[in-house]
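Have a look at the structure below before reading on. The report then walks through it a piece at a time.

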Amino acid sequence: MKIGFIGLGIMGRPMALNLLKGGHDVRVWARRAESMQPLLNAGATAAASTAEVASDRELVISMVADAPDVAEVMRGVASAGVPCLVAVDMSTIAPAAARSIGAELADAGVDFLDAPVSGGEVGAIAGTLSIMAGGSAAAFARAEPAFACMGKNIVHVGDSGAGQVAKAANQIVTGMGVLAVAEAFAFASKNGVDRSKVREALLGGFAYSKILENHGQRMLDRNFKPGFKSWMHEKDLNIVMQTAHELGLCLPGSAATAQMFNAMVGSAHGEEDSIAVLKLLELLSGQADAAK
Amino acid sequence: MKVGFIGLGVMGRPMALHLKAAGHDVRVWARRPETLAGLDLPAAETPAALGAACDVVFTMITSSADVETVALGEHGLIHGMAPGSVLIDCSTISPESARNIAAKLAEKGIAMLDAPVSGGVQGAIDATLAIMAGGDAGVLARVRPLLDCLGRRIVHVGPNGAGQVAKACNQMIMVAAIQAAAEAMRLAAASGVDCGKVQQALAGGSAASRVLEVMGQRMVDRNFAAGIEARLHHKDYGLVLEAARRAGVPVPLTTAVAQQLNALMAQGWGRDDTASLLRVLEQQ
């Protein structure tokens, strides 16, 4: 398939590489030209603009930072005037923003999917991302071969915006999950109990989760390298809380969690992995020896 | 002085009338002309036209976006107000938005004060509002006689935006206190104790507060008709949380209260008083 790809950061680069590996014809564009080089080395072609990346393509994918960036690059894509184009944004943005971009593209004759992902850099490299898509079934069917190169668990969740709703729900569960594991560990240590033994014991029961297993291990190793940066989780939880504010939705757990990540960003832990929330808990509970 | 006034709602209307009563030449503009019914004040066609005819213009509007439109939009004040004239924005908007509007007006030599108020409708009617001003001290000194017509306590908090920061702090404390009063009333009732007696007993002690006095009484009376519409506090809490996020400051209590306000909105009580936080607890 002829695919355009916009945004070649930590996530976008391996995703585009996997499309090339899958035998697709990939044309790329990135704000910083040097980030295109690894893709060009692997056989992609370069475009000079977001409009050019879309010309003669069947599918265009974006993986950028935030809603205004998505709106801007998608306007460029639409301006190419390619008939029957499907545009897919795989960034994490607010559901309302995705719906509004989808409507704008529909007016320009482009079928838009919001298809955010979960699985992080590791999943992007391995091609094992979870992909949650919102938009028309027809567009989903056309994008599916591309999705199959990048992800494993690929779900058409519903109409425009539904993918972002699923992703926001994902961030509620993972955000609170990371905080829950960190609190359990702080609780164990303050009680003088070996947290690694607690983790081991819990892995066999109803508290088992991937987060307890993977993030928990990294907490034990005190390996705070991202992974998924705290400021990004803060950004995603802000999408959750703004949506809750707009809809009249009571989310006390997410709200408390969002404030912990807010504190992480404010105390210069924003660039660390979100598991560094453990350090904040240890500091607050007078476990300063551990809080390094 | 020639004074313009935009935003003649439950707060703005008595404020405009106080200025008129003090002998000022008050003119108005309204997006919906019907809000001017019963007001014997000359109306301008556009904010720009109003601005051109006045030395000082007050705005008292709900949202950041509305203030920006009135100040900077196509027929906005910026296109009419003369250099040296002053915009006094009494609305509650984001500090960032206040700074942005002030900067744009300054390019044309127009001064701006962010001057949000606290004290509610009764404070507006009694001219006893607390006014928290952000902007140039000299400008505030010039317009202080006008503000004296509206309120009792006028504090220069700092540069542009500082008034809105103070207002955000005011809203944090006030609504959290309403939530605390609601929880206390709920606990009293659930324990089989007379809420009115508890409220009375507390009024003499360390927990005494204006909120417990006014909102507590509404809870005791189960009088949920708006003093201050809860939707406005809900809106303000959005601003507070946004400001906290920008500053990277954790606000764990504020965010918990915000969720109770979200639940209040979901129950359709946004146009009732914020004392309705009690009713949210009763549903939980």
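## A strand with covered faces

In what sense do strand S1 (residues 2-6) and S4 of chain A pair, and over how many bridges? They pair in the parallel sense, over four bridges. Keep in mind as you read that this is a predicted model. If you want a spot to look for on screen, A:Gly4 stands opposite A:Val60 in S4(A).

S4(A) covers residues 59-62, and both of its faces are covered. On one side sit A:Leu59 and A:Ile61, on the other A:Val60 and A:Ser62, and all of them are buried.

## A strand in chain B

Now hop over to chain B and find strand S7 (residues 129-134). S7(B) is mostly covered, with five of its six residues buried. Strand S6 (residues 117-118) of chain B pairs with S7(B) in the antiparallel sense, over two bridges. In that pairing, B:Ser118 stands opposite B:Ala130.

S7(B) has another pairing, with strand S8 (residues 151-158) of chain B: this one is parallel and has six bridges. Look for B:Ala133, which stands opposite B:His156 in S8(B).

## Two domains in chain B

Chain B is assigned two domains: domain 1 (2-159) and domain 2 (165-283). Taken over C-alpha atoms, their centres are 28 Å apart. Where they meet, nine residues of domain 1 of chain B are in contact with ten residues of domain 2 of chain B. The domain 1 side of that meeting has five nonpolar residues, four polar and no charged ones.

## Where the chains meet

How many residues of chain B are in contact with chain A? There are 18, and they touch 18 residues of chain A. On the chain B side, helix H10 (230-247) and helix H11 (252-266) each supply at least two residues. H11(B) gives the most, with nine residues. Sorted by type, the chain B side comes to twelve nonpolar residues, five polar and one charged.

The largest nonpolar core has 181 residues. Those with the most contacts inside this core are A:Ala16, A:Val28, A:Ala87, A:Ala182, A:Val277 and B:Leu87. Helix H8 (residues 162-190) of chain A gives the most to the core, with twelve residues. From chain B, the core draws at least three residues from each of domain 1 and domain 2.

Leaving out residues up to four places away in sequence, its contacts include A:Phe5, A:Leu8, A:Ala16, A:Met36 and A:Val53.

## A few single residues

A:Lys190 lies in helix H8 of chain A. It counts as partly exposed because it has 15 C-beta neighbours inside 10 Å. Setting aside neighbours within four places in sequence, A:Lys190 is in contact with A:Ser285 and A:Gln287. A:Lys190 and A:Glu282 are 92 residues apart in sequence, yet 8.9 Å apart in space, C-alpha to C-alpha.

A:Pro226 and A:Gly227 are joined by a cis peptide bond, with omega about 15°. A:Gly227 is in the loop between helix H10 (210-220) and helix H11 (230-247) of chain A.

A:Asp56 is not a glycine, but its phi is positive, near 60°. You'll find A:Asp56 in the loop between helix H3 (50-54) and S4 of chain A, and it counts as exposed because it has 12 C-beta neighbours inside 10 Å. In chain B, B:Arg222 also has a positive phi, about 50°, without being a glycine. B:Arg222 sits in the loop between helix H9 (210-221) and H10 of chain B. With 10 C-beta neighbours inside 10 Å, B:Arg222 counts as exposed.

Definitions and conventions:
Residues are numbered from 1 along each chain as its sequence is written. Chains are lettered from A and ligands numbered from 1 in the order in which they are written. This is a predicted model: local features need pLDDT of at least 70, side-chain atom pairs count only at pLDDT 80 or more; totals for chains, interfaces and linings use all residues. Two residues are in contact if their C-beta atoms, placed from the backbone, lie within 7 Å. Ala, Val, Leu, Ile, Met, Phe, Trp, Tyr, Cys and Pro count as nonpolar, Asp, Glu, Lys and Arg as charged, and the others, Gly among them, as polar. A nonpolar core is a set of buried Ala, Val, Leu, Ile, Met, Phe, Trp, Tyr and Cys residues joined through C-beta atoms within 7 Å. A residue is buried if 20 or more other C-beta atoms lie within 10 Å of its own, exposed if 12 or fewer, and partly exposed in between; C-beta atoms are placed from the backbone. Domain bounds come from an automatic or database domain assignment. Two strands pair if DSSP finds at least two bridges between them.
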